[in-house]
Amino acid sequence: MPPDIADKLLRDLSLGTAWLVVLAAIARAATPIHGYEIARQLADEAPEGLSFKQGTLYPMLRSMEADGLVKSTLIASHEGPARKCFTLTAEGRRVLNAWCETWRSTNKWVNRVLGGIDGTR
Amino acid sequence: MEHAESPSADKVVRSYLAQLGLELEGADAALRHDAIIDAEQHLRAAIAAGATAEMAVAEYGTPAEIARAYLDAEHEPRSWHITPATAATSNSSARAPVDVSAVSKHQRLRDIPIIGVWFDRRAWGAVVYFGAVGFVLSLAYFVWSVTIGSLAIGLAPILIGVPLVVLLLGSARAICLFEGKVVEFFLGVRMPRRTQPVQGADHIGFWQRIWCWLRDVRSWLSLGFLLGNFPVSVVTFAVTFTLAVTSLALVVIPVVHLLGHPIANVSGDDADIMFMGTQLVPDAAGDVWLTVPLAVASLAIGLALATGTLWLARGFGWVYGHVVQAIQVARPHPMNPPKIR
């Protein structure tokens, strides 16, 4: 596969999954969570070989906030200026649940199809 | 552990921010500002948490990648909001997907030469802003600034003036942020989503923080804006209001005539009605009627004047909006290192 097509496919896949994991990371946090902490958690849990560019998180969070999926509050920090911390809204939770369902069924379907070519079924 | 304040780490961060700024050159100033503030806060937090500056920068992404992410997020319609699974089960609270054909139709109307401005939301917003809202707000800002400023100067010898100066500068910054939201709503000029922290105000006490506020150029820019905005808004209000009312009158008068109503009713023998340089003679009942050529001319001039008013208001809005934006994105320490590819 030419490298530019591989890059494009990787970008498309990353964008969709990034939205899902960012919403999930915010949902599982017990308290409002700031951008750096989300980025750190996602980077720590990323599988080897999959690079997650932490800087892409912030425009994503802004889009999510504009669409009402997350809401932010400024929380004072001892380590520097006040930090913008995020929580999921009811709409965000609804979208996350729906996406999880979609992800699981897509995952099953893709694995089933891929099983036919590399024996991972 | 490398600290964000260490000279080498600081140099790496500054260099990265400058490269990111260069990658976003030509993009909206507020978007550029947001990208830089996000990156700066993230990188400093990462370094404070123990990462080396180089590692923090590498994990953050190259300036080109991050610039692309910001530009994409700003310009791509987010139709992802309704997924296939949710579309089937969504209730009325879910937002409808973006209707691309309606958007392009509206865009086509706006692109019509000259009269396209009638379909431009920013032009109508500017007429409302400069013809009413902006004038009232600028008057309120001016009264507040002059009152507190005068008190601060008068009470300076007995030291009570000092907290008043701090109050004045703090309120000026808050008012500027509020004004930014108002301007974005009415004039459509994007304002920063991220508030820029006061430079050097981390890890310090209350009085040092106040001192940083006093030294921050944005505090004084905001105050200057509140004071200078009033005379500007008086002029823009007078021009916009006068033109809007005149054009409205020129359009409405022939419509009143066409609906079968006289444009005026006078009594007395020496009544002298002049309309667009033409003397109109009342009939026996004292009713004043337009002639057909006058009605057509009035309508045409009224529509042309309204179109000109919309263009002028939009122009005012563009300039004014970008001045407010420039105050909000002003950085106390400009960075100009060479571009590194």
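The model is predicted. For the complex, the predictor gives an ipTM of 0.80 and a pTM of 0.77.

**Chain A: overall layout**

- Reading from the N terminus, the elements of chain A follow the order α-β-α-α-β-β-α.
- The C-alpha trace of chain A spans about 55 × 30 × 25 Å along its principal axes.
- Chain A has 121 residues, and 27% of them are buried.
- Take the contacts in chain A between residues at least 6 apart in sequence: 41% of these join residues at least 24 apart.

- Helix α2 of chain A covers residues 35–45, and its buried residues include Gly35(A), Tyr36(A), Ile38(A) and Ala39(A).
- These four lie on the same side of α2(A), because they cover an arc of only 160° around the axis.
- Asp44(A) and Glu45(A) sit on the other side of α2(A), and they are exposed.

**Chain B: confidence**

- Chain B has a mean pLDDT of 84, and 84% of its residues reach 70 or more.
- Among the elements of chain B, helix α7 (residues 121–155) has the highest mean pLDDT, at 95.
- Helix α5 (residues 84–89) of chain B has the lowest, at 39.
- The pLDDT is below 50 over residues 79–97 of chain B, a stretch with 19 contacts in the model beyond near neighbours in sequence.
- Residues 334–341 of chain B also have pLDDT below 50, and this stretch has nine contacts beyond near neighbours in sequence.
- Where pLDDT is low, the predicted coordinates should not be read in detail.

**Chain B: domains**

- The domain assignment of chain B gives domain 1 as residues 1–75 and domain 2 as residues 239–307.
- The centres of domain 1 and domain 2 of chain B, taken over C-alpha atoms, are separated by 62 Å.

**Nonpolar cores**

- The largest nonpolar core has 69 residues.
- Ile26(A), Leu20(B), Ala35(B), Ala39(B), Leu43(B) and Ala126(B) touch the most other members of this core.
- Helix α2 (residues 29–48) of chain B gives the most to the core, with 11 residues.
- Beyond its neighbours within four places in sequence, Ala126(B) is in contact with Phe186(B), Leu187(B), Ala313(B), Arg314(B), Phe316(B) and Gly317(B).
- Another core, of 10 residues, lies apart from the largest one; Tyr141(B), Ile175(B), Cys176(B) and Phe225(B) are among its members.
- In soluble globular proteins, nonpolar side chains tend to be buried together.

**Chain B: positive phi values**

- Most residues other than glycine have a negative phi.
- Leu159(B) is not a glycine, yet its phi is positive, near 70°.
- Leu159(B) lies in the loop between α7 and α8 (161–187) of chain B.
- Leu159(B) counts as exposed because it has 8 C-beta neighbours inside 10 Å.
- Met276(B), also not a glycine, has a positive phi of about 50°.
- Met276(B) is in the loop between β2 (273–275) and β3 (278–280) of chain B.
- With 12 other C-beta atoms within 10 Å, Met276(B) is exposed, since the cut-off for exposed is 12 or fewer.

Key
Residues are numbered from 1 along each chain as its sequence is written. Chains are lettered from A and ligands numbered from 1 in the order in which they are written. This is a predicted model: local features need pLDDT of at least 70, side-chain atom pairs count only at pLDDT 80 or more; totals for chains, interfaces and linings use all residues. A residue is buried if 20 or more other C-beta atoms lie within 10 Å of its own, exposed if 12 or fewer, and partly exposed in between; C-beta atoms are placed from the backbone. Helices (H or I, at least four residues) and strands (E, at least two) are DSSP runs, numbered from the N terminus. The arc is that of the directions from the helix axis to the C-beta atoms. pLDDT is the predictor's confidence in each residue, from 0 to 100. Two residues are in contact if their C-beta atoms, placed from the backbone, lie within 7 Å. Domain bounds come from an automatic or database domain assignment. A nonpolar core is a set of buried Ala, Val, Leu, Ile, Met, Phe, Trp, Tyr and Cys residues joined through C-beta atoms within 7 Å.
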